[in-house]
Amino acid sequence: MELQTKVAQAVHVLNHDSQSCNRVAANQWLVQFQQTDVAWEVATSILTSNYHQQFACDFEVEFFAAQILKRKIQNEGSYLQMGAKDALLNALLLAAKRFSLGPPLLLTQICLALSALMLHAVEHGKPIEKLFCSLQSLENHDEGNIAVLEMLTVLPEVVEDENTEYRASSAQRREYGRELLSHTSVVLEFLHRQSDMSFNSSIQLQGRHRKILRCLLSWVRAGCFSEIPPNSLAGHPLLSFVFNSLQVSSSFDLAIEVLTELVSRHEV
């Protein structure tokens with residue numbers, strides 16, 4: 001609890017103190033803190049407990065905690081034992097469920113941390129299969145679909161991202177990509193169900209459709225339609241959804257991106 005308080009105070013000083021010397025000192029302390037082993041536990045606790053909500057800068061503290069976990073997983077994830085990886089997976093899923101309604105930037109950071117964890121766990125079996133089982137239960141949670149959509153959007157991006165921060169070998173990336181694409185049918189069915197949902201507000205509907213298109217774009221780039229015969233691709237229900245999205249100004253740009261990607265990958 002004491003360390004959580006210190007982290008929250010340091011984040012507040014870093015972002016809001018008028019004295020530059022105080023901001024520099026806070027930054028130095030936070031940088032050193034991130035390199036410690038206890039940072040795993042503190043950052044996880046911040047994202048999964050309510051203790052820190054007494055601070056006025058909740059989002060800033062939570063966002064910082066999510067960034068800590070993402071960076072530590074990227075840099076040290078390959079050294080974690082399976083038990084630690086499982087505990088971290090459960091904690092990040094709990095955090096994703098907790099922040100499924102936002103803030104969006106925070107939810108994205110949590111999902112990026114989860115994706116990095118999957119990449120580093122792929123050598124120990126089938127972690128993505130375990131993740132998909134957990135996502136099914138999250139889907140049944142109120143508004144959990146938003147967290148599932150964000151998670152499914154960033155999962156394929158890890159394959160495309162050649163950022164050396166992930167410190168993963170080419171073999172790990174290939175295995176990650178293969179295991180990911182083995183769940184293509186489940187993902188496309190989920191996106192199809194989401195595209196058929198109705199909302200009371202047109203703003204909600206447009207926002208959800210953009211999320212669906214972003215997610216579909218990620219999976220198209222990962223090669224999700226590679227196993228579908230070209231002559232049956234045109235009749236896929238999600239393609240109808242993309243074409244319909246061309247007629248809506250709020251989703252036109254993303255629909256064009258999806259179609260452009262499809263044409264470049266499936267010229268037939």
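Start by selecting Leu238, which counts as buried because its relative accessibility is 1% (buried means under 20% relative accessible area, exposed over 50%, partly exposed in between, with a 1.4 Å probe and protein chains only). Before you go on, note that this is a predicted model, where local features need pLDDT of at least 70, side-chain atom pairs count only at pLDDT 80 or more, and totals for chains, interfaces and linings use all residues. Residues are numbered from 1 along each chain as its sequence is written, and side-chain values use heavy atoms, with hydrogens and water left out.

Stay with Leu238 and colour helix α14, residues 237-245, where Leu238 sits (helices are DSSP runs of H or I with at least four residues, strands runs of E with at least two, numbered from the N terminus). Now show what Leu238 touches beyond its neighbours within four places in sequence: Leu188, Leu191, His192, Ser195 and Leu216 (contact means heavy atoms within 4.5 Å). Draw a C-alpha to C-alpha line from Leu238 to Leu191 and you get 7.7 Å, for a pair 47 residues apart in sequence.

Next, select Cys224, which is buried because its relative accessibility is 4%. The disulfide count comes to zero, with a disulfide being a pair of cysteine sulfur atoms within 2.5 Å.

Then move to Ser49, in the loop between α3 (38-48) and α4 (58-76). Its side chain reaches the backbone oxygen of Ser45 at 2.6 Å. Setting aside neighbours within four places in sequence, Ser49 is in contact with Gln4 and Arg98.

What lies closest to the centre of the largest pocket? Select Ser100, Leu101, Ile146, Arg208 and Lys211, the closest of its 16 lining residues. By class, the lining has six nonpolar, five polar and five charged residues. Colour α12 (202-222) along with α6 (104-121) and α8 (144-154), as each supplies at least two lining residues; α12 gives the most, with six.

Finally, zoom out to the whole chain. Its secondary structure comes to 15 helices and zero strands, and buried residues make up 47% of the 268 residues. Among contacts between residues at least 6 apart in sequence, 71% join residues at least 24 apart.

Note on methods:
A polar contact is a pair of N or O atoms within 3.5 Å; within protein, one must be able to donate a hydrogen and the other to accept it, and residues adjacent in sequence count only if both atoms are side-chain atoms. On a 1 Å grid over the protein atoms alone, a cavity is a set of points where a 1.4 Å probe fits but cannot get out, and a pocket is an open set with protein on both sides within 12 Å along at least five of seven lines; lining residues have an atom within 4 Å of a point. Ala, Val, Leu, Ile, Met, Phe, Trp, Tyr, Cys and Pro count as nonpolar, Asp, Glu, Lys and Arg as charged, and the others, Gly among them, as polar.
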